[in-house]
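Please keep the sequence and the structure in view while reading.

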Amino acid sequence: ILSITLSPALLERGLFFTSSNDGIINFLFTRRHLPLFSISLNACLIILSSVEWKVKKAALAPGLRICSSIVGAFATVSSVTIPEGVTYIGYVFKGSKNLTEIHLPNTLTGLDTWAFSECTGLKEITIPGSLKTIPQYVFHGCTGLKSVTISEGVTTIEKSVFWDCSSLESITLPDSVVSLGEDVFWNCSSMTSVTLSNNLKEIEEMTFQGCSSLTSITIPDGV
């Protein structure tokens, strides 16, 4: 059963919704200058309409699985805080070029492929240890990304996760990481330093292809 709570103030600003028999809720944003919205669902949030106006910050309520949206639904958003309780984020923020910061919860256990790809304004990100696998292409084309913190607990970084993150300067992999997929750091041309996990077992092909500023790297004995 889905339930939603919307304050009268939000309704007055033009946030309306319809529900279908299959339980999917369609959100329709009909007025400009909506500065903040907070949506509370008991199940999966699927955003089907575009927020194309002057939304700058989005505050999503806890207890959600944020599943999907049309590309560009958060095109004007610059800051997003995902609260504790959220376990899954789909490709909601793909192509959100104005997004400069996003705060991920320690309850996060799943990300969709392409979740933050082409967020060219994103500067830094901290990935919680609750996310065991960073799926492929998640930060693909995030050309402004300079700093990445991967927390202890992450075990697998799949293919092309940081493909063309050309501003990324350095990265340290915690000792929980055991596998690096192919093309993970493809064309990270500004990267000068990489510290690999001491427990790394697998590095697939072309992981560091195009890392033209990288002068040395130490491969652990277990690889």
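## Overall make-up

The model is predicted, so local features need pLDDT of at least 70 and side-chain atom pairs count only at pLDDT 80 or more, while totals for chains, interfaces and linings use all residues. Residues are numbered from 1 along each chain as its sequence is written, and side-chain values use heavy atoms, with hydrogens and water left out.

The protein has one helix and 17 strands, taken as DSSP runs (helices H or I, at least four residues; strands E, at least two) and numbered from the N terminus. Of its 223 residues, 47% count as buried, a class defined by under 20% relative accessible area, with exposed over 50% and partly exposed in between (1.4 Å probe, protein chains only).

## Aromatic pairs

Seven aromatic pairs are counted, where rings of Phe, Tyr and Trp (its six-membered ring) pair if their centres lie within 6.5 Å, with planes under 30 degrees apart counted as stacked, over 60 as edge-to-face and the rest as tilted. Trp163 and Trp186 are stacked because their ring centres are 4.7 Å apart and their planes at 5 degrees. Since Trp163 lies in the loop between β13 (156-157) and β14 (170-172) and Trp186 in the loop between β15 (179-180) and β16 (193-195), the pair ties together parts that are 23 residues apart in sequence.

Trp186 is partly exposed, at 24% relative accessibility. Phe185 and Phe208 also form a stacked aromatic pair, at 5.5 Å centre to centre and 10 degrees between the planes, and Phe185 is buried at 0% relative accessibility.
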